[in-house]
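Welcome! Try each task yourself before you read on.

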Amino acid sequence: MTAHEIDYRIYGEEMQYVEIELDPQEGVIAEAGSFMMMDDGIKMETIFGDGSEQNKGFLGSILGAGKRILTGENLFMTAFYNTLSGKKNVSFASPYPGKIIPIDLTEFQGKFICQKDAFLCAAKGVSVGIEFSRKIGRGFFGGEGFIMQKLEGDGMAFVHAGGTMAKKVLQAGETLRVDTGCLIGFTQDVDYDIEFIGGIKNKLFGGEGLFYAKLQGPGTVYIQSLPFSRLAARVWASAPQGGGKDRGEGSILGGLGNILDGDNRF
């Protein structure tokens with residue numbers, strides 16, 4: 001498998017986007033809905049699956065699309081090609097506040113495993129597939145089920161992390177415990193399992209769930225500080241509930257509190 005060689009540049013701080021430079025006939029694949037802008041001369045094409053070289057013919061396209069269904073993603077992906085002479089740019093934006101992480105698959109022996117919604121875009125020729133877990137605990141309690149996403153090939157791929165990203169390089173035998181929702185991805189050599197949180201008080205009153213993700217080196221692990229599920233839960237908890245009243249209206253200060261805290265824009 002030989003992926004297209006692409007150059008890139010990441011812009012922004014909290015809301016990032018990646019600009020990919022394509023030489024003539026080079027291409028990039030992306031999740032539907034991540035497109036931001038492109039130069040004149042870029043051709044957009046909707047494809048089944050990831051369009052990698054291993055998916056040839058009609059049957060190969062169906063198999064590639066089937067992998068997308070199993071990971072809970074859209075049936076289609078979008079490919080962008082430079083059809084003119086000269087270099088052209090196409091850009092893709094992160095879906096919510098966080099960081100875009102460039103993954104050079106050649107540095108990770110051609111494979112990177114990530115959570116299902118982390119993938120943003122990749123060089124044409126990178127395969128976006130599924131990674132089955134053989135461990136029952138990981139499958140039922142890992143937050144991602146038996147299936148995670150795997151990126152394979154020899155090109156560049158880009159994944160998205162919510163909030164701030166932490167990169168941990170684990171030595172052989174070194175162990176790291178992570179909130180299951182905060183795990184973005186890891187290299188194929190990392191041993192990944194789920195560990196039950198001990199202690200009755202931790203289980204009943206800890207507020208952090210019942211399980212950790214336990215990762216053991218050697219390998220590299222990427223962690224996000226703000227999983228989208230956590231962000232969505234906080235937004236939902238602060239949203240107006242029945243009767244159109246917001247959470248602040250039940251406080252001692254009521255409407256006066258809204259004036260004092262300055263949150264009176266809506």
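**Exercise 1. Decide whether Gln109 is buried or exposed, and find its place in the chain.**

Step 1: Recall the cut-offs, with a 1.4 Å probe and protein chains only: buried is under 20% relative accessible area, exposed is over 50%, and partly exposed lies in between.
Step 2: Gln109 has 57% relative accessibility, so it counts as exposed.
Step 3: Strands are DSSP runs of E with at least two residues, numbered from the N terminus.
Step 4: Check the backbone: phi of Gln109 is positive, about 55 degrees, although this residue is not a glycine.

Before you go on, note that this is a predicted model, where local features need pLDDT of at least 70, side-chain atom pairs count only at pLDDT 80 or more, and totals for chains, interfaces and linings use all residues. Residues are numbered from 1 along each chain as its sequence is written, and side-chain values use heavy atoms, with hydrogens and water left out.

**Exercise 2. Which strands stand at the edges of the open sheet of 4 strands?**

Step 1: Write down the order, which is β1-β2-β7-β4, with antiparallel pairing. Two strands pair if DSSP finds at least two bridges between them.
Step 2: β1 (7–11) and β4 (35–38) each have a single partner strand, so one side of each has no neighbour in the sheet. These two are the edge strands.
Step 3: Now look at one pair inside the order: β2 (residues 17–22) and β7 (residues 88–93) are antiparallel over 6 bridges. Here Leu22 stands opposite Lys88 of β7.

**Exercise 3. Find which residues make the nonpolar surface patch, and which strand gives the most to it.**

Step 1: Patch residues have over 30% relative accessible area and no salt bridge; like charges are joined within 9 Å, and nonpolar side chains (Val, Leu, Ile, Met, Phe, Trp, Tyr) within 5 Å. A salt bridge is a side-chain nitrogen of Lys or Arg within 4 Å of a carboxyl oxygen of Asp or Glu.
Step 2: Phe35, Met36, Met37, Met38 and Met44 make a patch of about 440 Å².
Step 3: The most comes from β4, with 4 residues.
Step 4: Take Met36, which lies in strand β4. Its relative accessible area is 37%, so Met36 is partly exposed.

**Exercise 4. How many residues of β19 are buried, and which strands pair with β19?**

Step 1: 6 of the 6 residues of β19 are buried, so this strand is largely enclosed by the rest of the structure.
Step 2: In a regular strand, side chains alternate between the two faces of the sheet. In β19, Gly219, Val221 and Ile223 point one way, while Thr220, Tyr222 and Gln224 point the other way.
Step 3: Strand β14 (residues 165–170) pairs with β19 in the antiparallel sense over 6 bridges, and Lys168 has Val221 as its bridge partner.
Step 4: Strand β16 (residues 183–187) also pairs with β19 in the antiparallel sense, over 3 bridges. There, Gly185 has Tyr222 as its bridge partner.

Notes: Areas by Shrake-Rupley, 256 points an atom, 1.4 Å probe, with all protein chains shown as cover.
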